[in-house]
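Thanks for coming. Please have the sequence and the structure open while I talk.

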Amino acid sequence: MSAVSEYVTNIKDAVTSIFEGMAVTASHFMRKPYTVQYPDRMPVRVQDTLPFRYRGILEVDLEICTGCLACERACPIDCIVIVVDKDPQTRQMLLSQFDIDIAKCMYCGLCSEPCPTGSIHHTTEFEGADYSLESLIRRFVTDPVLAYKPKKGPETDTRIAPILNRGMTYLDQWAQPGGEKPAEEEPA
Amino acid sequence: MSTLHTEEMTLNMGPQHPSTHGVLRFVVRADGEVMREAIPDVGYLHRSIEKIAEKVGYHGFMPYTDRVDYVCAMFTNQGWGMACEKLAGIEVPHRGEYCRVIAAEFNRIASHLLSVGAMAMDIGAVTPFTHAIREREMINDLIEELCGARLTFNYMRIGGVAWDLPPGWREKALAYLDHFDPILEEYNALISWNKIYIERLANVGVITPAEAVNYNLVGPNLRACGIKWDIRKDIPYSVYPEFEFDVPIGDGHWGKLGDSMDRYVVRIREMAESSKILRQALQKIPGGPVLAKVARNFKPPAGECQIRLESGRGDMGWYLVSDGSGYPWRVHVRTGSFAAMGIIQKLSAGLMIADLVTLIASLDVIAPEIDR
Amino acid sequence: METLVQHLIASGAFGKNASPHLIAAIVVFIMSAVVFLGVAFPFAGIVSWAERRVWARIQSRVGPNRVGPQGFLQWLADGVKHVCKEDIIPDESDAPLFKMAPYLVMLAFTLPWAVMPFSSSLILADLNVGILYMTSVTALTVVGVLMAGWASNDKWSLIGGIRSAAQIVSYEIPAGLSIFPVVLMTGTLSMQGIIRAQGWAPQHWFLFANPFTFVAANILYISALAEGNRTPFDLPEAESELVAGFATEYSGMRYLFFFMAEWGNLFIIGAIIATLFLGGWQFPHVTKNVIAMNILEALTFNVKVLFLVFVSMWIRATLPRVRIDQLMTLCWKYFVPISFVNMIGTAVWVAIWPDGNSLMGYIMLAGAIALGAVFTQRVIYYLRRSRMEVYFNPTI
């Protein structure tokens with residue numbers, strides 16, 4: 001008897017499970033597709049919809065770079081090349097080269113973490129494809145600039161203050177070791 | 001009548017193939033549809049990650065651990081963090097542990113979604129894959145807000161995690177879990193209990209419990225044979241003892257115990273369990289710091305340590321030897337997929353070629369994890 | 001067709017001494033050209049676009065929507081692309097057989113259009129063995145597929161070709177056996193005869209005439225899907241195992257021929273079911289105008305066939321693939337015995353009620369409507385549970 005009942009059960013299971021499956025797929029006909037039709041049928045640029053912490057292509061704000069080389073040391077893949085030396089006449093630190101090879105960069109964020117001013121930071125840019133490898137080495141220094149000296153009190157230069165603010169806001173996102181700053185989340 | 005002279009075919013399911021989960025190669029000796037043997041050939045994805053650790057140092061190795069298993073990147077991050085912490089005796093703050101568990105369990109759901117989706121696609125059903133990927137995209141959006149990346153997270157650091165939960169994230173995560181539970185039921189109705197699917201998976205690639213233990217299988221592959229072994233419960237680490245959850249095991253309901261259907265259903269049930277853990281963690285998360293104080297030039301004392309954790313593929317082991325300098329002496333990762341490759345050759349005798357694809361998919365083999 | 005030819009001759013359009021046979025031949029050639037080039041081949045192309053859009057909505061995505069309005073010209077773009085590709089013939093392959101195989105498969109797709117009953121007078125040739133002709137020429141695909149698998153000189157293609165041959169040949173049997181109930185009820189094999197034996201209302205369709213024909217219709221539909229290499233029976237071209245099965249070594253237009261034949265076969269499958277079980281082109285007699293009636297009937301036929309094509313696409317998107325030995329089990333252990341039972345049951349039914357039993361028609365129709373209601377309730381249940389945004393618009 002079990003062979004016959006197995007036969008009938010097989011048919012019944014097949015019909016009912018396929019019926020349920022077809023009902024699920026039929027319900028999908030009436031749902032909005034999840035696709036985002038990038039890049040032309042979007043109300044806002046994608047780059048503006050990404051979260052602030054998004055680890056896109058790196059950018060350096062040279063106005064607030066102190067030349068401390070913390071990012072170069074932290075990078076595990078050696079894609080940052082910085083040349084900073086003391087100018088013999090003015091006795092100030094001079095940045096003469098700051099190259100980031102975004103082809104090598106693995107977008108890990110280890111360089112922006114130790115930066116004291118938030119000068120090197122990730123943007124929400126991710127469209128970096130280009131026709132030549134040379135263009136993938138971003139050279140941020142055109143003429144040698146002075147390294148930034150952080151002041152003891154708040155920054156007074158009106159040109160630099162907003163840049164510094166943005167950099168410090170970016171740095172605030174990172175967890176402070178040992179928890180010197182209060183956590184942003186309310187405990188349950 | 002004398003017997004007909006037939007020959008065996010030697011086929012090559014080569015490294016470029018639509019269904020071998022990554023870059024794998026199988027040399028298949030088949031007699032028509034039925035296989036005599038399928039010999040796996042690994043190594044196409046070897047990137048010397050363990051050697052790279054000796055060059056980049058402790059902090060710098062964290063992004064490389066993402067690439068060991070890119071589908072379960074949070075677990076590999078956690079493994080490296082735990083190994084260094086154990087060696088140096090660093091304690092992770094309580095809130096940091098909670099953040100780790102939350103990120104890890106979300107990653108487990110994402111990894112299992114990919115696994116069951118890809119398995120359905122290999123069997124021939126094309127829609128469950130896109131549905132699973134859609135759900136995974138929503139998890140990726142959440143994690144993108146949390147740590148800035150969608151696949152190679154680099155979220156954890158030695159001593160905790162790199163970013164705290166952003167404001168409003170907890171509500172979004174709970175809303176996602178409310179959305180996810182009915183979707184999992186719908187997914188089951190679409191494919192898991194489908195008669196054709198059950199017929200394809202039941203009794204295929206049966207692994208007995210003794211074989212599973214002998215071949216070093218871990219994770220859902222092991223639990224599907226009825227052995228209740230989960231590192232989160234048996235060798236507890238992090239804050240898992242504070243949560244209540246079940247460990248699903250296979251029971252041979254649809255075929256023999258330890259067949260592909262058991263492995264598949266264990267993964268589906270594990271997703272539901274992860275959802276439970278996540279709800280508890282998001283409710284109970286305490287305040288405080290998330291990152292312990294660790295020196296920038298981290299030099300753990302000389303010695304060796306080994307940790308184990310339950311990743312999406314199973315028991316992942318991290319072995320670290322330090323010589324007291326700022327660079328590790330030796331790092332080794334033991335992954336579940338490598339052991340699973342070993343058992344394929346034994347199981348493939350007598351299977352059909354279509355079943356080989358099912359077997360590989362059900363063992364949830366991820367190629368970068370095999371070769372590192 | 002005959003009435004049309006006689007009408008044309010009687011109207012004197014061709015002059016008084018024109019031979020009727022010549023005129024008939026010319027009319028048939030022109031109509032065949034119109035049907036093949038205007039209906040069959042464009043349909044095979046358009047259904048590829050439609051299939052991608054239908055699949056995409058089931059999979060929560062959009063599908064081609066850039067090339068032309070709503071992506072309608074995508075199939076033309078694909079065709080042009082394939083034509084521009086290099087025609088690769090593998091060195092070690094059997095070149096004459098390799099080249100001939102797609103043409104044989106195309107032949108199997110093209111020949112059934114000769115008996116396609118679009119309306120009461122739009123049929124190229126109303127053979128009195130119409131349905132038998134249709135099922136026998138669709139079996140020509142076996143020859144083409146086997147040739148493709150063998151001549152490719154590729155072990156994977158060979159596996160695909162042999163699987164397909166076994167599958168198509170096996171599923172001929174339930175398909176043929178499921179046609180018998182209808183033949184028993186009408187006593188004729190001609191397509192128009194079968195359609196005329198049904199009425200325009202659903203309770204007069206053969207689908208609802210008795211439970212045996214209902215089951216026979218389902219078995220015929222599934223067997224026709226199996227013959228057309230559609231999922232859940234698309235093992236010969238299983239994408240995830242054999243790349244493209246028997247068509248792996250083909251590129252460019254030769255490759256497209258196989259798939260055009262497969263897509264076009266959807267129409268033929270739909271036409272067979274619509275003719276035999278869904279009442280074909282039958283439409284209530286609302287006007288005396290012959291041309292208007294013909295247009296309405298053709299529309300009815302096309303709507304029924306296109307609905308079945310849509311169901312085929314929907315099934316393909318939902319169900320996983322059946323393994324080759326399970327496929328054989330399904331055919332020989334499930335479909336063939338049940339088809340025999342159907343045949344005998346219908347024979348007994350026809351013996352008891354020679355003129356049909358209209359009460360059964362109403363009962364079966366009520367049962368089908370109840371089934372439809374249960375289905376709709378399940379669909380609404382899943383829609384509500386998922387809490388995803390509801391969106392009825394097929395365009396996006």
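Which domains does the domain assignment of chain B give? There are two entries: domain 1 (1-46) and domain 2 (49-359), with bounds that come from an automatic or database domain assignment.

A note on sources. This is a predicted model, where local features need pLDDT of at least 70, side-chain atom pairs count only at pLDDT 80 or more, and totals for chains, interfaces and linings use all residues. Residues are numbered from 1 along each chain as its sequence is written, chains are lettered from A and ligands numbered from 1 in the order in which they are written, and side-chain values use heavy atoms, leaving out hydrogens and water.

Back to chain B. The C-alpha centres of domain 1 and domain 2 of chain B lie 30 Å apart. In contact (heavy atoms within 4.5 Å) are 18 residues of domain 1 of chain B and 13 residues of domain 2 of chain B. Between salt bridges (a side-chain nitrogen of Lys or Arg within 4 Å of a carboxyl oxygen of Asp or Glu), the count for these two domains of chain B is 0.

Which elements give two or more residues to the side of domain 1 of chain B that touches domain 2 of chain B? They are strand 1 (9-13), strand 2 (25-31) and strand 3 (34-41) of chain B, strands being DSSP runs of E, at least two residues, and helices runs of H or I, at least four, numbered from the N terminus. Strand 3 of chain B gives the largest share, 7 residues.

Last, chain C. Of the 25 residues of helix 11 of chain C, 22 are buried, so this helix is largely enclosed by the rest of the structure; buried means under 20% relative accessible area, with a 1.4 Å probe and protein chains only. After helix 11 of chain C comes Gly279(C), with a positive phi near 85°.

Terms used
Buried means under 20% relative accessible area, exposed over 50%, partly exposed in between (1.4 Å probe, protein chains only).
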